[in-house]
Amino acid sequence: MEENIKKRGNNLWIKLLIIFIISLFLLIPQAIVQDMVGERNCTKDEAMEEVTQKWGGSQMLYGPVLMVPGLHDAKQRVYIMPEVFDAKARLNTQMLNRGIFDISVYDAQVGLGGTFVLPKELDGTKRKQLDFANAQILFAFRNYRSFADYPTFTLDGQKVELNAAGRSLSNRPTLMCRVDMSRLLDGGKAEFCLDAKLKGSGSFDLVPMGRISSVEIASNCATPSFVGYLPVERSVSDTGFVANWKVLAINREFSQVESQQPRYEDVSKVMVDLRVPVDQYQKTTRTSKYAYLIILLTFAVVFLIEQRRGTPVHPVQYGLVGVALVLFYTLLLAFTEHIAFGWSYFIASVMTVGLIAAFIGLLTKHRGAMLAVGGLLAALYAFVFMLMLMETYALLVGSIGVFVVLALAMYASQKIKWY
């Protein structure tokens, strides 16, 4: 009698070892699925890169900067920032299609206004060494191809033509105009206004150039991410957002007068990222991280059913169940490229749960076993989907969920005669 019990215990441990080895082998197709997700994501990135090269990538606006050369040495120059700087930008996003991929781009209507005055930081001796009659106003952009129309620039109400000046400002594509700013020496001021239409994608940023800078950016994008200076006011809804900034000269990394032009890379910016924060490939990757947990729990339930009902389940059949669980992520990936993630997840989970539950029902010839496995898988997939929707509490809820599963496994284990 003791020999039979010992033999049964040994067979039980051998079966558990075989099941564990099968679960380890399933890590291979799981890794292949994750590589497939990464490959599809790279394909999307390539499509996005192709579209953005033709439409326009992330956009920036740096300027205006008043460059005043020296009277006797043109290389001895100063760069003067505006006294007042007001900027308004309206970013209208739209979706472009490249094959099966949807790529978000935008049209930007940008308006700048403000004034130049003789800054108090420029002492009298320095002023006499500068040629204000041959000054230049400079604007830097990301690239010239992004312009949807010729920008319009006016100075004191008079239209002034802007010309391409290579990479004159901060080694960026630059537009410039030559202006006579001698009136600043007499205490006068110069009011400027720039209107530009740009095409871009991803993000939009500008540098608050004035001693006092006010910026307003509005868009129909409902998922903005603010980088750099944070807005003092913002309103975000399902139809878009409006954000306002106020930046003072003491908040910046450069002063009103510089002997070297401030490099764009070294200054803080007002920046809005218009990308969708989590796309279908990121969600699929996050979902697949729970694959091994679902495989182990499903195998555990099938093993418990096998022991309680005395219906043997062959290791090959365990393997078939595992392959079906891994196939869920391939189905999810395929569906998400054509329909919304929520519906894709629902369809893939219904197909997987139905297949495995029916298979267990045929093996055990018992409706309760079929419902137990089907109910477990449905609960697990619903739990994982709930974690996908969470951000702040995902770790907390996930940890509690795993704790509850462990407690149930402990309770179930005492029903088995291990020896």
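Modeller: In this predicted model, the residues that line the largest cavity are Gln30, Val33, Ser288, Ala291, Val326 and Tyr329. Two elements, α2 (27–55) and α6 (315–336), each give two or more residues to that lining. Sorted by class, the lining has four nonpolar residues and two polar ones, with no charged residue. The volume of the largest cavity is about 30 Å³, and a search of the whole structure finds one cavity of 30 Å³ or more. Rolling a probe the size of a water molecule over the atoms shows where empty space is left.

One of the lining residues, Ser288, leads on to helix α4, which covers residues 280–288. Within α4, Ser288 is buried, as are Gln280, Tyr281, Thr284 and Thr287. Viewed down the axis of α4, these buried residues fall within an arc of 125 degrees, so they line one face of the helix. The background to this reading is that an α-helix has 3.6 residues a turn, so residues three or four places apart point the same way.

From the helices I turn to the sheet. Eight strands form an open sheet with mixed pairing, in the order β7-β6-β10-β4-β3-β12-β15-β14. The edges are taken by β7 (158–160) and β14 (233–237), each of which has a single partner strand, so that one side of each is left without a neighbour in the sheet. From one strand to the next, the twist averages 15 degrees.

With strand β12 (residues 212–219), by contrast, β3 pairs in the parallel sense, over eight bridges, and the bridge partner of Lys88 in β12 is Glu216.

Most residues other than glycine have a negative phi, and most peptide bonds are trans. Against that background, Gly63 and Pro64 are joined by a cis peptide bond, with omega at about 5 degrees, and Pro64 is found in strand β1, residues 59–68.

Ser170 has a positive phi, near 55 degrees, in a residue other than glycine. Ser170 is placed in the loop between β8 (163–164) and β9 (174–179). With a relative accessible area of 1%, Ser170 is buried, the cut-off for that term being under 20%.

Lys365, likewise a residue other than glycine, has a positive phi near 55 degrees, and lies in the loop between α7 (341–364) and α8 (367–389). Its relative accessibility is 68%, and Lys365 therefore counts as exposed, since that term applies over 50%.

Note on methods
Residues numbered from 1 in each chain as written. Predicted model: local features only at pLDDT ≥ 70, side-chain atom pairs only at ≥ 80, totals over all residues. Heavy atoms only, no water. 1 Å grid on protein atoms, 1.4 Å probe; cavity = no way out; pocket = protein on both sides within 12 Å on 5 of 7 lines; lining within 4 Å. Points joined across faces, edges and corners; volume = space filled by probe spheres on them. Helix = DSSP H or I, 4+ residues; strand = E, 2+ residues; numbered from the N terminus. Nonpolar A, V, L, I, M, F, W, Y, C, P; charged D, E, K, R; others polar. Buried < 20%, exposed > 50% of the residue type's maximum accessible area, 1.4 Å probe, protein only. Arc of directions from axis to C-beta. Pairing = 2+ DSSP bridges. Axes fitted to C-alpha atoms, helices over the stretch in contact; angles between N-to-C directions.
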